[in-house]
Every structure is written in C-alpha cells, then in structure tokens.
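Reader: I would like a close look at a single part of this model. Please take me through the sheet and the helices that go with it.

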Amino acid sequence: MYDIAEFIVRSVELIDPQQTEKMIDRLADFYDKKGGKVLVMGAGRSGLVGRAFAMRLLHLGYNAYVLGETIVPSIRENDIAIAISGSGRTKLIVTAAEAARDAKASLIALTSYHDSPLGKLADVVVEIPGRTKYSQNEDYFARQILGITEPLAPLGTLFEDTTQVFLDGVVAELMMRLKKTEEDLRMVHANIEL
C-alpha cells in the first residue's frame, strides 16, 4: 500500500495542470447545457474507475452515462465523451472514441500516452502516469532499482488507482466551481440500492 500510495503522490507532480484545467473547464462550462450528455468509456478495470466517476457526475447533476449500459442514449454534437485507457490502444475504447468523434462530441482522454491512438483522437488529453499492461522493462532487478513497483501492482493497477484518485479530485473541484454541497450530492444519490 505504501508503494502504491507513494506512486500516486509522485504522480501529482507529473500530471500537467494545464491538461487538468482544460478538462475541468470543459466539464464546468458544459454543466448548464440542457439535455447535454456525458458518456464515460473504459474497458475492464478502467471501466470500473469510469463507472465510479460517472456516478459522481450524476450526483453533481450531469446527465452521465457509462458505455455498455442498456440505457445509454445516442451521443450527439456538443456532448462530451470521456475515454479512459492506460495504453490508449484498447481497441474497444479507441473504436468508441472514433464513433464519438464522428458524432461530433467533444472527446476527453485519460491515458498514459498522449501520442497513442486515443490521445490523437481527443480534444483534451490528460496524461495519467502509471504502468499499463505492457511493461517496457522485463528485468526484475532493473525495475526495482528504478523504483518501478510492477510486481506489487500488476498490469494496469498504478494507472487505474492514480486515475481514480485524480477523478475524485476533479469531482471535488467541480463541486467548488458549481457550488455544490455534499447535501446536494446526497439528494441525488440512489435511495434504492442492491
């Protein structure tokens, strides 16, 4: 846990504040668009992170949806699609991002690689540090010397954990900008749960 937490703390210094500001500005400006939709897209564990973020957007008052659910309406011009993929190469997400672009939606990408296929499609890219599934250094001892915690955080864990914390920070900033209180969010929170 210390290694993972330390990685996330170090990541704060690596995430570009201008990229973050562009994402938050876009979401804050979008808030008052009546009928506008936000579609959050991610596969696997990145999808789980996306689901949590979409839920918080809903609590804030956005019309938020998650790709793959049966109740997702069509995305249209000026809607926002948020795509999460550490590698930026996940075929399902890149294809979905292309479809969002074809529909003229604004695309925000959270990825570790701005020059990935997903990053190249996006209007706004937020580079989130973290190992994706594909290690570039196979030597265990070299990874340890470099401080790469892959054996303790397999596959995309560091990206997913860092993205989750980052998006929780985005929600906190949006709460302030939109003048929402915790009570406002609680009023929208589900009152029937499984």
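Predicted model: local features only at pLDDT ≥ 70, side-chain atom pairs only at ≥ 80, totals over all residues.

Author: **The sheet and its helices**

Strand β1, residues 37–42, pairs with β2 in the parallel sense, over four bridges.

Now the whole sheet. It is open and has five strands, in the order β2-β1-β3-β4-β5. The pairing is parallel. β2 (63–66) and β5 (124–127) are the edge strands. Each has a single partner strand, so one side of each lacks a neighbour in the sheet. From one strand to the next, the twist averages 15 degrees.

Two helices pack on this sheet. Helix α4, residues 91–102, touches β1, β3 (80–84) and β4 (106–111). The direction of α4 makes about 160 degrees with that of β1. Helix α7, residues 157–177, touches β3, β4 and β5. The direction of α7 makes about 130 degrees with that of β4.

α7 also meets another helix. The axes of α7 and α1 (residues 2–14) come within 10 Å. They cross at roughly 60 degrees. Angles from 65 to 115 degrees would count as roughly perpendicular, and those under 35 as roughly parallel. α1 and α7 are therefore oblique to each other. Their crossing is right-handed.

Which residues make the contact? On α1 they are Ile4, Phe7, Ile8 and Ser11. On α7 they are Leu158, Asp161, Thr162 and Val165. By class, this contact has five nonpolar residues, two polar and one charged.

Terms used:
Residues numbered from 1 in each chain as written. Heavy atoms only, no water. Pairing = 2+ DSSP bridges. Axes fitted to C-alpha atoms, helices over the stretch in contact; angles between N-to-C directions. Contact = heavy atoms within 4.5 Å. Parallel < 35°, antiparallel > 145°, perpendicular 65-115°, else oblique. Left-handed = near helix turned anticlockwise from the far one by under 90°. Nonpolar A, V, L, I, M, F, W, Y, C, P; charged D, E, K, R; others polar.
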